[in-house]
Amino acid sequence: MSTTKRGLVIADSITSGETDIPTAGTAVQIITASTPCFRVIVSNINATNAIYVGDSTVDKTSARGIRLNSGEHVAIDVDDASKIYVDGTSNGDDAGYLIFK
């Protein structure tokens with residue numbers, strides 16, 4: 001999956017993608033299949049709308065999760081990328097991601 005050199009974790013592979021958030025207020029997994037990894041970067045690729053990143057309880061209405069404004073990103077150390085969910089502030093928002101394996 002990954003290797004360690006001089007104390008740094010080095011990815012053996014990286015998967016990139018984009019997740020559509022069709023309905024604001026409804027949490028969506030960034031990737032539905034179990035995907036073992038050690039880090040995921042989630043970015044807000046929307047032109048103007050904020051998104052929220054978190055677990056299955058992420059919610060834009062209660063501001064539960066990490067808010068990302070346009071162009072912002074967050075790195076999350078996690079063992080499975082399917083544990084990460086996003087919610088949009090408008091229907092049709094999108095989240096980009098990089099999964100480090």
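In the predicted model, Ala50 has a relative accessible area of 5%, and because this value lies under the 20% cut-off, the residue counts as buried. Ala50 is placed in the loop that links β5 (39-44) with β6 (51-54). When neighbours within four places in sequence are set aside, the contacts of Ala50 are with Asn44, Arg67, Leu68, Asn69, Gly88, Thr89 and Asp93. The C-alpha atom of Ala50 is separated by 11 Å from that of Ala24, a residue 26 positions apart from Ala50 along the chain.

The strand β6 belongs to an open sheet of four strands, in which the order is β4-β9-β6-β7 and the pairing is antiparallel. The edges of this sheet are formed by β4 (28-29) and β7 (66-68), each of which pairs on one side only. Strand β4 runs antiparallel to β9 (residues 85-88) and is joined to it by two bridges, and Gln29 stands opposite Tyr85 of β9.

Considered as a whole, the protein chain contains ten strands and zero helices. Its radius of gyration is 14 Å, close to the 13 Å that the globule rule gives for 101 residues, so the chain is as compact as a globular protein of that length. Along the principal axes, the C-alpha atoms fill a box of roughly 40 × 25 × 20 Å. Of the 101 residues, 36% are buried, and among contacts between residues at least 6 apart in sequence, 80% join residues at least 24 apart. The chain exposes about 5,400 Å², of which carbon and sulfur atoms supply 49%, while the mean positions of its 8 positive and 12 negative charges are 8 Å apart.

Notes. Residues numbered from 1 in each chain as written. Predicted model: local features only at pLDDT ≥ 70, side-chain atom pairs only at ≥ 80, totals over all residues. Heavy atoms only, no water. Buried < 20%, exposed > 50% of the residue type's maximum accessible area, 1.4 Å probe, protein only. Contact = heavy atoms within 4.5 Å. Pairing = 2+ DSSP bridges. Rg over C-alpha atoms; globule rule 2.2 N^0.38 Å. Areas by Shrake-Rupley, 256 points an atom, 1.4 Å probe, with all protein chains shown as cover. Lys, Arg positive; Asp, Glu negative; His and termini not counted. Charge placed at Lys NZ, Arg CZ, Asp CG, Glu CD.
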